[in-house]
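Biologist: Before we discuss any labels, please show me the model, and then let us take the terms one at a time.

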Amino acid sequence: MAFTLLYLFVILAAPVKKINQINSSFNDTITPDKLDKAYPDPDNPDLFNLYKEKIFLESRLEMAKTGMIGIVVNLDDSLLNIEIDGINLHKAYISRYKVSRLFSSIDNKAYLGLLSHPFTTNYNWDTFDKEPIVVKKAPKDTIEAAKQATVPDSVKTGPAYVTMNLDYNIQLCLYQEKGSVWAMLYRFFFMSGRRFRQAGESIRGAVTFKIPEYRPVIKIYVPKDDLVTIYRALATDAKVVVKL
Amino acid sequence: MFHKISEWFKRFRTEEFKNSSSYKNIKAGLWIILTIIIYIYLIPLIPEYTTGIFHSGHRPDSLEQLGQSTEKLIRTTENSIKRLEKKFNGLSSKSTYLVVNTTENEFYLFRNQKVIRQGVCSTGSYILLESGEEEKWIFKTPKGQFRIQGKITSPVWRKPDWAFVEEGLPIPPQEHESRYEHGVLGDYALSLGHGYLIHGTLYQRFLGLPVTHGCIRLNDDDLETVYHNLSIGSKVFIY
């Protein structure tokens, strides 16, 4: 019972710690001066909405400078795009999404600071190959080569679920929107993997009296074909621009 | 059927069964499952609903009285958004460019930000050809931004080593006549650099499938349109 209470405590304390961490990183360091200058009076609702628009454009411009394919998550317009050099390459419509409450709990200034630059992906979990490589041994002669010749198949995949770990340990989850019972079961196991990892950290935290790392989530549902196309287009360290 | 089920339940309720090891195992198993559900699935859900309860004061939802300085700030911000939008839209090329989707094996030819032609193509097969321990070739189409480096009519394919290895043939000397094949690349080819080409194909039935060694294959009509619309230096975006 005592352990359960301790476990509950660390789980509840984790997001609070994260909120304070994000707030302080944009309030206590050198950046606030710049933030105050760039976004004065962020608590004014009219200004805040304009600033949101401004940082979205600034982030996309910054991403365009990298010359790499990046991803744009625009929850305001329910759109998921990939862009390179400011040119839209592929667009997918987000059917539904869920965002951790953390994003609406941080300070306005911290919110603007957090989203004013593109995030960088540092780790991915997926249920399909990013590069569907098929290994083929070189045939010894023309007879073996003829035997190896097959009618090519299109690169289709099974259930498509992806989690991208971004800066500040924000997790961008891209899930296929519809699917069979098998696909739903697959999603349950895929999500369970994340839950088990997080629970493991929390249990360790409860045992060692240390508040674990909280990972805020942006969960997006898009059509499967779009998801596969978008994910395969990205480099492993792709930039991500988010508008919440 | 119902009779059988009630018999089972009766068996479970007997003292004899309650003292058996199977009963204890089932009970322990259920406890483990319940613990996992509580610890892994239920308790971690709580912060999803409680986070931020004590962090009020964020996102003001009531409009404040606008002071003169705020109005000025709003105007300044609106102007800077307009400038940024102009700058961002300026990035979108008004000239002609090609976009290739390697997952769906489709292409889109743009002019003035409008699609003027679209269709199917063939891109890299993702086959990793291994010859012994040392030599390996991967047949994938590179992704990113490219520029047309050269334009060729009636191209001749100079077969690289892997083309012979793949067919189980011995590799001929570099300038051997068996390396040159006429007519297999169609009427035109556009070079993207590093040996990658946009060209035609004899295998039209495979268009729309990932079958190439890294080049982009188009059908004859599409290739002609692309060839005549893109010039040297035109951008090609592959994703």
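Modeller: The axes of helix H6 (residues 181–208) of chain A and helix H3 (residues 21–42) of chain B come within 9 Å and cross at roughly 85°. This is a predicted model, in which local features need pLDDT of at least 70 and side-chain atom pairs count only at pLDDT 80 or more, while totals for chains, interfaces and linings use all residues. Residues are numbered from 1 along each chain as its sequence is written, chains are lettered from A and ligands numbered from 1 in the order in which they are written, and side-chain values use heavy atoms, with hydrogens and water left out.

Biologist: Why is H6(A) called roughly perpendicular to H3(B)?

Modeller: Angles of 65 to 115 degrees count as roughly perpendicular, those under 35 as roughly parallel, those over 145 as roughly antiparallel and the rest as oblique. The crossing is at roughly 85°, and therefore H6(A) is roughly perpendicular to H3(B).

Biologist: Which residues meet there, in H6(A) and in H3(B)?

Modeller: With contact meaning heavy atoms within 4.5 Å, A:Phe188, A:Ser192, A:Arg195, A:Phe196 and A:Ala199 of H6(A) meet B:Ile36, B:Tyr39, B:Ile40 and B:Tyr41 of H3(B).

Biologist: What makes H3(A) roughly parallel to H4(A)?

Modeller: The axes of helix H3 (residues 45–66) and helix H4 (residues 108–115), both of chain A, cross at roughly 20° and come within 9 Å; the angle falls in the class under 35 degrees, so H3(A) is roughly parallel to H4(A). Among the residues making this contact are A:Phe48 and A:Tyr51 of H3(A), with A:Tyr111 and A:Leu112 of H4(A).

Biologist: Why do S7 of chain A and S5 of chain B count as edges of the sheet?

Modeller: Two strands pair if DSSP finds at least two bridges between them, and the three strands here lie in the order S7(A)-S4(B)-S5(B), forming an open sheet with mixed pairing. Strand S7 (134–137) of chain A and strand S5 (135–139) of chain B each have a single partner strand, so one side of each is left without a neighbour in the sheet.

Biologist: How do you know that S4(B) pairs with S5(B)?

Modeller: Five bridges join strand S4 (residues 127–131) of chain B to S5(B), and the two run antiparallel; B:Ile127, for instance, has B:Phe139 as its bridge partner in S5(B).

Biologist: Why is B:Pro142 called partly exposed?

Modeller: Buried means under 20% relative accessible area and exposed over 50%, with partly exposed in between (1.4 Å probe, protein chains only). B:Pro142 has a relative accessible area of 21%, so B:Pro142 is partly exposed. B:Pro142 is found in the loop between S5 and strand S6 (144–147) of chain B.

Definitions and conventions:
Helix = DSSP H or I, 4+ residues; strand = E, 2+ residues; numbered from the N terminus. Axes fitted to C-alpha atoms, helices over the stretch in contact; angles between N-to-C directions.
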